[in-house]
Amino acid sequence: MGNNKYKVLIIDDEANIRSFMEAILESNGYQVLTAATCAQGQMMFSSHCPDLVLLDLGLPDADGTDFIRTVRAAGGAAPILVLSARSDERDKVQALDLGANDYITKPFGTGELLARVRAALRDRRPGPAAPGECFQVRGLRIDYDARDVSLDGAPVRLTQTEYNIVALLAQHAGKVMTYSAIIQGVWGTADAGSVKKLQVNMANIRKKLGARPGENPYIANELGVGYRMYGE
């Protein structure tokens, strides 16, 4: 094991993939635990309280979503990154809505895996903002108490709805939030035009944050799934 303070649990039934990820993580200083089934993963999670879980969905004894559901129902807050060959948007949305923090489609590269792990560990921000708390990433700063947003020290004029979207994403920085989760958090209810309404507001937000075509310095668009606020 390395000397990194973070402990990562890998749950995947493919031995070669487990070994590949274990080697990458240990060479970067992470402590690594492994499991080949959902049951083993749940036992390891309860016994070792890992800081992060890398979870395959296609496990031999249960679907990986069962692990997410069980952990979140028990109050487990460790970030869960789903690693799966399933590329259907419905699978992604289901895993994220159940409480996964991110979804990486196999095959994936070493750089992407490490970047997603760093982001999930760095940007854990569960629950509402505490009084007096501010969020800052690069030149973007959010003062939750004052409901003020600034960019490189200059105020950003957001509508109330736009501010609510930005604040919600910032409070969950590093986590992919599905369209339905954002809509529920901002409007409380959904209708036939909710996703389009969210997308229109997001386009306005990006313009006000100075985003250029093909460039998303603060908010990533996970196509067909939702949005994620970067944490660095």
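Modeller: Bear in mind that this is a predicted model. Leaving aside its neighbours within four places in sequence, Met 229 is in contact with Phe 135, Leu 140, Val 166, Leu 169, Ala 170, Ala 173, Gly 174, Tyr 218 and Ile 219.

Colleague: Which residues touch the most other members of the largest nonpolar core?

Modeller: In that core, which has 30 residues, Met 229 is one of those that touch the most other members, together with Leu 169, Ile 182 and Ile 219. The elements giving two or more residues to this core are the strands β6 (134–137), β7 (140–143), β8 (148–151) and β12 (226–229), along with the helices α6, α7 (179–186) and α8.

Colleague: And which element gives the most to this core?

Modeller: That is α6, with 7 residues. There is also a second, separate core of 23 residues, which includes Leu 9, Val 53, Ala 78 and Ile 80.

Colleague: Staying with α6, at roughly what angle do the axes of α6 and α8 cross?

Modeller: The axes of α6 (residues 160–171) and α8 (residues 194–208) cross at roughly 85 degrees and come within 10 Å. Because angles of 65 to 115 degrees count as roughly perpendicular, α6 is described as roughly perpendicular to α8.

Colleague: Which residues meet there?

Modeller: From α6 there are Thr 161, Glu 162, Ile 165, Val 166 and Leu 169, and they meet Leu 198, Asn 201, Met 202, Asn 204, Ile 205 and Lys 208 of α8. By type, the residues of this contact divide into 6 nonpolar, 3 polar and 2 charged.

Colleague: Let's switch to α3, then. Which of its residues are buried?

Modeller: In helix α3 (residues 64–73), the buried residues are Gly 64, Thr 65, Phe 67, Ile 68 and Val 71.

Colleague: What do they pack against?

Modeller: The buried residues of α3 pack against the strands β1 (7–11), β3 (52–55) and β4 (80–84), and also against the helices α2 (38–48) and α4 (89–98). After α3 comes Gly 75, which has a positive phi near 90 degrees.

Colleague: Which residues other than glycine have a positive phi?

Modeller: Most residues other than glycine have a negative phi. Arg 138 has a positive phi, near 50 degrees, and is placed in the loop between β6 and β7. Asp 152 is not a glycine either, yet has a positive phi of about 55 degrees, and this residue is found in the loop between β8 and β9 (154–155).

Colleague: How do Arg 138 and Asp 152 count for accessibility?

Modeller: Arg 138 counts as partly exposed, because its relative accessibility is 45%, whereas Asp 152, at 67%, counts as exposed.

Colleague: Where is there a cis peptide bond?

Modeller: The bond from Lys 106 to Pro 107 is cis, with omega near -5 degrees, and Pro 107 lies in the loop between β5 (102–105) and α5 (110–122).

Colleague: One last thing: is Arg 116 buried or exposed?

Modeller: Arg 116, which lies in helix α5, is buried, because its relative accessible area is 16% and buried means under 20%. Leaving aside its neighbours within four places in sequence, Arg 116 is in contact with Leu 81, Asp 102, Tyr 103, Ile 104 and Arg 228.

How values were computed. Residues are numbered from 1 along each chain as its sequence is written. This is a predicted model: local features need pLDDT of at least 70, side-chain atom pairs count only at pLDDT 80 or more; totals for chains, interfaces and linings use all residues. Side-chain values use heavy atoms; hydrogens and water are left out. Axes are lines fitted to C-alpha atoms, for helices over the stretch in contact, and angles run from 0 to 180 degrees between N-to-C directions. Helices (H or I, at least four residues) and strands (E, at least two) are DSSP runs, numbered from the N terminus. Angles under 35 degrees count as roughly parallel, over 145 as roughly antiparallel, 65 to 115 as roughly perpendicular and the rest as oblique. Contact means heavy atoms within 4.5 Å. Ala, Val, Leu, Ile, Met, Phe, Trp, Tyr, Cys and Pro count as nonpolar, Asp, Glu, Lys and Arg as charged, and the others, Gly among them, as polar. Buried means under 20% relative accessible area, exposed over 50%, partly exposed in between (1.4 Å probe, protein chains only). A nonpolar core is a set of buried Ala, Val, Leu, Ile, Met, Phe, Trp, Tyr and Cys residues joined through side-chain atoms within 4.5 Å.
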